[in-house]
Amino acid sequence: MWDQRLVRLALLQQLRAVYGIKVKGGRGQCDRRRHEAAATEIVGKIFGVPFNALPHSVVPEYGHIPSFLVDACTSLEEHIHTEGLFRKSGSVIRLKALKNKLDHGESGLSSAPPCDIAGLIKQFFRELPEPLLPVDLHEALFKAQQLGTEEKKKATLLLSCLMPDHTINLLRYFFNFLRNVSLRSSENKMDSSNLAVIFAPNLLQTSEGHEKMSANTEKKLRLQAAGMFQILFWKRYQLCWVLMVSVLLHHWKALKKVNMKLLVTIRESEDKV
C-alpha cells in the first residue's frame, strides 16, 4: 500500500513540472480538521454541518452519500421536466420552514414543490462549513482551465485525485443526477451550461473567514468555473457532462496507477542521490 503522502507528492510534482500549476496547501486542511473535530457537537442538523457529521445512505456504485441529498434528488426525479428547475427560486417562507423541519428530524420533501427542493439542495451545498471543492484547489483548478483542451482535461483529472474520496463519490452521484436533468433540457430549459453557471458559486464559494473577492473577480471566477464544469466526455454516458470532477471511479483508480509509476521514478532518483 502506497503512502498517501507520497501519492500527493507525486501528483503535486507532476502538476508543477508538466503544467506549471502550483497547489497551495495547509489552510484548507487545517480548516477541515477543525470542522471535523467539532462535528461530534452537532446532533440531528443537516444544514451547515460538516460532511462526516451528516446522516448517510449507502448508494450502490457511489458509496456513502448524505441522506438528505439522496432523498432530495429522489424526490426531484419525478419533476426533472419542470421548467427552470434550479434556476427559479422557491418560496423563501416555505424554504425556511422546510429547512427548519429537516434540521429537527422531520420529513417534508415528498410534499414540497420541486423548486423548493431544488433551492434546498443549493442551500445545502452553500452552507457546508467547507466548500465541496476544497479551497486550496480553487486557484489551481482555475489555472488548469487556461491550458489547451487536452492539457486542461489531464491537469483537471490530476487535481481531482487530490480531493477526498467522499468528495469524489458525492460529486459522481450528484452530477449523474444533474446529467439526467440536462437530458430533459428541451422541457426544463436547463442544459449543462445553465446548470454549471448555477452550481459554480455554490460549490466554489469561499469559506467563512476567508477574504471576500470583488464583484468583478467573482464574476470572472464564476465564468471560468462554468467552463471548467463542462470539460470531460464520459464514454459511459456518450455525452459531455457538467463537471470535470465527476470522475468515474474506474478512471480515478487508473489515474492513481499511472502515478504509482511516477512514485517509483521519484524513489529511484532519491536512491541515486
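Student: Which exposed residues does the face of H4 turned away from its buried side carry?

Tutor: Exposed means over 50% relative accessible area, buried under 20%, and partly exposed in between (1.4 Å probe, protein chains only). Here that face of H4 carries Ile93 and Lys96. This is a predicted model: local features need pLDDT of at least 70, side-chain atom pairs count only at pLDDT 80 or more, and totals for chains, interfaces and linings use all residues. Residues are numbered from 1 along each chain as its sequence is written, and side-chain values use heavy atoms, with hydrogens and water left out.

Student: Which residues of H4 are buried?

Tutor: An α-helix has 3.6 residues a turn, so residues three or four places apart point the same way. In H4, the buried ones are Leu95, Leu98, Lys99, Leu102 and Asp103. They cover an arc of only 135° around the axis, which puts them on the same side of H4. The arc is that of the directions from the helix axis to the C-beta atoms.

Student: What do the buried residues of H4 pack against?

Tutor: Contact means heavy atoms within 4.5 Å. The partners are helix H3 (67-76) and helix H5 (114-126). Helices (H or I, at least four residues) and strands (E, at least two) are DSSP runs, numbered from the N terminus.

Student: What follows H4?

Tutor: Gly105 does, with a positive phi near 80°.

Student: How do I check the span of a helix, such as H1?

Tutor: Take 1.5 Å times one less than its number of residues. H1 (residues 4-19) has 16 residues and should span 22 Å; its end C-alpha atoms are 22 Å apart, which agrees.

Student: Which residues of H1 are buried, and which are exposed on the other side?

Tutor: Val7, Ala10, Leu11, Leu15 and Tyr19 are buried. They fall within an arc of 130° seen down the axis, so they line one face of H1. On the other side, Arg5, Arg16 and Ala17 are exposed. Just after H1, Gly20 takes a positive phi of about 65°.

Student: At what angle do H8 and H10 pack?

Tutor: Axes are lines fitted to C-alpha atoms, for helices over the stretch in contact, and angles run from 0 to 180 degrees between N-to-C directions. H8 (residues 165-182) and H10 (residues 192-203) pack at about 145°, with axes 10 Å apart. The contact involves Phe174, Phe175, Leu178, Val181 and Ser182 of H8, and Ser192, Leu195, Phe199 and Leu203 of H10.

Student: How much of the whole chain is buried?

Tutor: Of its 273 residues, 48% count as buried. The chain has 12 helices and 4 strands.
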